[in-house]
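Subject: Structure for you to look at

Hello,

I am passing on the structure we talked about.

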Amino acid sequence: MLLHQTMNIQVLPEHKLSSVAPLKQCNVEKKEVELILVKDQNGVQYTSSSIIPTPTSGHCAGPTRPEDDRETWGKKIDFLLSVIGFAVDLANVWRFPYLCYKNGGGAFLIPYILFLVIAGMPLFYMELALGQYNREGAATIWKICPIFKGVGYTVILIALYVGFYYNVIIAWSLYYLFSSMTRELPWLKCGNSWNSLNCTDPKSINGSILGNGTSYAKYKITPAAEYYERGVLHLHESRGIQDLGLPRWELTLCLVVVVFILYFSLWKGVKSSGKVVYITATMPYVVLFVLLIRGITLPGAMKGIRAYLHIDFKRLNNLEVWIDAATQIFYSLGAGFGVLIAFASYNKFDNNCYRDALLTSTVNCVTSFFSGFAIFSVLGYMAYKHGVDIEDVATEGAGLVFIIYPEAISTLPGSTFWAIVFFIMLLTLGIDSSMGGMEAVITGLTDDFKILKRNRKLFTFATAFGTFLIALLCITNGGIYVLTLFDKYAAGTSILFAVLIEAIGVSWFYGVDRFSEDIEKMMGFKPGLYWRLCWKFVSPAFLLFVVIASTLTSSVLKYDEYVFPHWSNVVGWGVAMSSMLFVPCYAIYKFLSVSGTFKERIAYCITPEHEHHLVAEGNVRQFKVRVHFCAF
């Protein structure tokens with residue numbers, strides 16, 4: 001009978017072998033001893049052992065990682081602001097407040113906070129720890145389990161897709177910013193070249209005129225609504241997604257400015273981007289505070305805030321509320337886009353990413369809640385002016401930040417100042433989020449292809465220019481239809497699928513125990529039982545729930561009343577599948593590219609690359625039990 005076990009044994013110096021040595025003293029040289037017990041036919045046991053050299057460590061858990069020549073953040077605050085700047089984006093302002101109001105006000109915070117604690121934070125922590133320990137981008141990080149490298153390519157491609165249309169929204173904000181630099185805001189009155197004959201003065205619109213269940217937010221013939229759809233988008237000149245037309249030259253210039261800002265923020269890596277976020281990550285907080293102070297002084301503001309915070313526990317009986325909370329937490333924190341992995345890969349090896357994860361994810365969610373006060377104080381003012389209920393002016397997305405809010409601002413004294421301040425906030429909210437997405441693409445590919453790393457500046461320019469060329473489709477007369485298609489399919493089901501596979505790969509194939517050991521090597525302590533249970537069971541279950549829910553609740557692609565033709569949905573699913581197919585295709589490629597028996601191929605595919613020599617020896621960690629202990 002052959003018994004084969006690998007054990008970690010602490011070999012103590014002679015002066016430590018005192019009987020009064022502290023029981024928990026494991027701060028010593030560590031050696032791994034392979035012990036083989038052989039029982040012969042006569043019942044006599046023989047033992048054979050060999051010492052396997054390992055690096056020294058300051059902890060019983062294992063060796064510290066040697067330093068490499070990878071660049072690091074100039075200061076810790078650079079990293080924190082970059083993560084916060086990426087996570088806190090336009091959705092914090094234009095989506096969360098409306099979801100909170102629609103789904104029971106304060107009651108919505110119950111599922112929101114629940115999902116934050118059991119899934120959002122664990123996934124956030126997992127990605128920061130993965131990036132920091134392995135010091136690699138989203139693709140090459142899968143040297144820990146090579147068969148899952150396709151997940152890395154999936155998230156890189158998704159981040160690239162998002163950059164195609166997200167930069168367009170930033171360009172709109174820049175266009176509005178330039179348009180605000182006048183004595184009278186252009187969306188204040190009718191009578192402009194872009195207005196239709198049906199344009200109606202907002203002062204003449206009240207509850208009695210609306211009626212029939214028509215909300216003010218959907219009223220498309222106000223000066224602000226017509227400025228957005230006819231003056232900026234020129235949507236009236238397009239018959240649908242099949243009729244795009246040429247790019248608008250004004251928006252093209254704004255897009256060029258946005259791309260140049262991104263390029264010069266990223267061309268030198270984290271040394272340059274880490275300084276840009278001092279402005280882009282902090283400015284939104286200053287502006288939100290200023291807008292809140294102004295908002296609560298307006299008539300009707302308290303009505304809006306009360307509607308925002310109104311608690312309706314009966315709404316929690318609706319499954320849609322829980323789905324909204326789950327998807328909002330997931331997209332708000334930004335896990336799965338490869339950004340957190342890329343940012344954390346530039347940290348110092350012993351950085352406390354656990355504390356960073358708790359801090360930045362909490363700041364993100366508090367920002368979402370806080371922004372609701374600035375938004376709903378102004379919506380309350382709008383409802384007061386037109387004599388309608390809050391539900392008639394409440395909306396989300398582009399309609400909120402490019403129609404309703406600008407219209408409210410245009411009626412205030414000093415409207416030019418308030419408009420400039422507001423669109424500077426939108427600009428900075430968008431820029432650092434777009435920087436994060438592009439950094440994920442650049443870091444992910446330069447770590448994988450060294451020729452790109454040696455020519456980072458050129459590759460950064462090529463990436464920025466490539467996103468600019470595709471984004472031109474979104475600034476044509478029918479560009480909003482292309483943007484809507486990208487928004488629904490580029491990072492919808494595909495990103496949920498990618499993070500689900502990522503969570504399974506780390507927790508079940510690489511292993512929570514091994515992952516916990518990696519964290520201990522960095523920070524000196526293992527994650528608690530709560531985090532390990534979340535990684536192993538709760539987070540994958542949460543992601544599976546979100547994937548299924550988003551698939552079942554998926555609706556026909558629409559923009560307002562325009563229903564997209566069938567072929568555009570096929571194109572959309574083609575965009576989604578183009579990224580998701582990297583997962584199975586790379587897994588098949590990896591399996592076929594290694595040699596050996598079926599079992600050996602599986603072993604090579606799921607064993608970290610630095611342990612492949614053990615596969616040849618038949619010593620695969622996943623195929624046997626390991627025993628660890630400290631000798632005292």
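Please keep in mind that this is a predicted model.

The core

Which residues of the largest nonpolar core touch the most other members? They are Trp172, Tyr228 and Phe402, in a core of 203 residues. Helix α5 gives the largest share of this core, 21 residues. As a general point, nonpolar side chains in soluble globular proteins tend to be buried together.

Ser273 is found in helix α9, which covers residues 270-280. Is Ser273 buried or exposed? Its relative accessible area is 3%, so Ser273 is buried, the cut-off being under 20%. Apart from residues up to four places away in sequence, Ser273 touches Trp73, Ser265, Leu266 and Met435.

Thr327 is in helix α12, residues 319-333. Thr327 also counts as buried, because its relative accessibility is 12% and the limit is under 20%. Where the chain is concerned, Thr327 and Val546 are 219 residues apart in sequence, yet their C-alpha atoms are 6.6 Å apart in space.

A loop residue

Thr200 is found in the loop between α5 (149-179) and α6 (207-210). What does the side chain of Thr200 reach at 3.0 Å? It reaches the backbone oxygen of Asn198. Setting aside neighbours within four places in sequence, Thr200 is in contact with Cys190, Ile205, Ile221, Thr222 and Pro223. The C-alpha atoms of Thr200 and Tyr219 are separated by 9.8 Å, and these two residues are 19 apart along the chain.

The surface

Phe461, Phe465, Leu469, Ile470 and Leu473 make a nonpolar surface patch of about 420 Å². One of these residues, Leu473, is found in the loop between α19 (456-471) and α20 (479-489). Why is Leu473 called partly exposed? Its relative accessible area is 41%, and partly exposed is the term used because that value falls between the 20% limit for buried and the 50% limit for exposed.

Regards

Terms used
Residues are numbered from 1 along each chain as its sequence is written. This is a predicted model: local features need pLDDT of at least 70, side-chain atom pairs count only at pLDDT 80 or more; totals for chains, interfaces and linings use all residues. Side-chain values use heavy atoms; hydrogens and water are left out. Patches are made of residues with over 30% relative accessible area and no salt bridge: like charges are joined within 9 Å, nonpolar side chains (Val, Leu, Ile, Met, Phe, Trp, Tyr) within 5 Å. Accessible areas come from the Shrake-Rupley method with a 1.4 Å probe; for residues, only the protein chains shown count as cover. A salt bridge is a side-chain nitrogen of Lys or Arg within 4 Å of a carboxyl oxygen of Asp or Glu. Helices (H or I, at least four residues) and strands (E, at least two) are DSSP runs, numbered from the N terminus. Buried means under 20% relative accessible area, exposed over 50%, partly exposed in between (1.4 Å probe, protein chains only). Contact means heavy atoms within 4.5 Å. A polar contact is a pair of N or O atoms within 3.5 Å; within protein, one must be able to donate a hydrogen and the other to accept it, and residues adjacent in sequence count only if both atoms are side-chain atoms. A nonpolar core is a set of buried Ala, Val, Leu, Ile, Met, Phe, Trp, Tyr and Cys residues joined through side-chain atoms within 4.5 Å.
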